[in-house]
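Take a look at the structure below. Then read on for a short tour of its helices and contacts.

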Amino acid sequence: MTTGAQSPYPARPRRSRLRTLLPLGVAAWLVLEIWLLTLVAGASNGLVVFLILLAGIVLGSYVIKRAGRRAFRNLTETARQQQGGGPVIPGARPNSEGNGLTMLGGLLIVLPGLISDALGLLLLVPPVQKAVSRYAERTFERKLREAAAQSPLGDAFTQARMHRPDGKVVQGEVIRDEHGSTPGDTPQGPRPPLTK
């Protein structure tokens, strides 16, 4: 009787829902994009579809280039402020947030298709950018907390995310007194770790 025998093959880990549904979603999106382009071509002609796709490529490229220049300009300003010894003021640069979402919007506009163009244009609207940014930040923070709770290094994740309000780093070193170097000092057991 082999009821208690274990299989020589380990059990496969269960696939996440995202990994299961993502290929199906991408395939459905591609079919829908092609169907919409054929509807537009049927309502007008192929030249209109070609002009729509060409306009999407030109507009998307312009949006990506503009957001990239703005991000590079912000990076050079920050580097210049740090090299000059002045404090880096995060609120001093308007329109510095949302460069990543603007680039994503431009990329969606460049992709051929009407749905991707509509989503890309929607991501260029500032209130939508702020809402998507807040949602992504909350999701990232939640996932990070979940990962820290499941990890044996949970405290290390928390410690790595602590920041001083002024952003300064205090340099220092630990000096240990040798046993018996001061009068009345008696050797004790092992010292506790310095991390906690």
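Which residues does Asp117 touch, not counting residues up to four places away in sequence? They are Leu108, Ile109 and Leu111. Keep in mind that this is a predicted model.

Asp117 sits in helix H4. Its relative accessibility is 12%. Buried means under 20%, so Asp117 counts as buried.

Leu53 lies 64 residues away from Asp117 along the chain.

## One face of helix H4

Helix H4 covers residues 114-123. Asp117 is one of its buried residues, along with Ser116, Gly120 and Leu123. Viewed down the axis of H4, the buried residues fall within an arc of 125°, so they line one face of the helix.

What do the buried residues of H4 pack against? Their partners are helix H1 (17-43), H3 and helix H5 (126-150).

## Helices H2 and H3

Two packed helices are described by the angle between their axes and the distance between the axes. Helix H2 spans residues 46-83. The axes of H2 and H3 come within 7 Å and cross at roughly 160°. An angle over 145 degrees counts as roughly antiparallel, so H2 is roughly antiparallel to H3. Their crossing is left-handed.

On the H2 side they include Gly56, Gly60, Val63, Ala67 and Arg70. On the H3 side they include Asn99, Thr102, Gly106 and Val110.

Thr102 belongs to helix H3, which runs over residues 99-110. Is Thr102 buried or exposed? At 10% relative accessibility, Thr102 counts as buried.

Leave aside the neighbours of Thr102 within four places in sequence. Thr102 is then in contact with Val63, Ala67, Arg70, Leu124 and Gln129. Val63, Ala67 and Arg70 are among the H2 residues that meet H3.

Side chains of opposite charge can pair when their charged atoms come close. How many salt bridges does the structure hold? It holds 1.

Glu146 forms a salt bridge with Arg142. Their closest N and O atoms are 3.7 Å apart. Both residues lie in helix H5. They are 4 residues apart, about one turn of the helix.

Glu146 is partly exposed, with a relative accessible area of 37%. Arg142 also counts as partly exposed, at 39% relative accessibility.

Technical notes. Residues numbered from 1 in each chain as written. Predicted model: local features only at pLDDT ≥ 70, side-chain atom pairs only at ≥ 80, totals over all residues. Heavy atoms only, no water. Helix = DSSP H or I, 4+ residues; strand = E, 2+ residues; numbered from the N terminus. Buried < 20%, exposed > 50% of the residue type's maximum accessible area, 1.4 Å probe, protein only. Contact = heavy atoms within 4.5 Å. Arc of directions from axis to C-beta. Salt bridge = Lys/Arg side-chain N within 4 Å of Asp/Glu carboxyl O. Axes fitted to C-alpha atoms, helices over the stretch in contact; angles between N-to-C directions. Parallel < 35°, antiparallel > 145°, perpendicular 65-115°, else oblique. Left-handed = near helix turned anticlockwise from the far one by under 90°.
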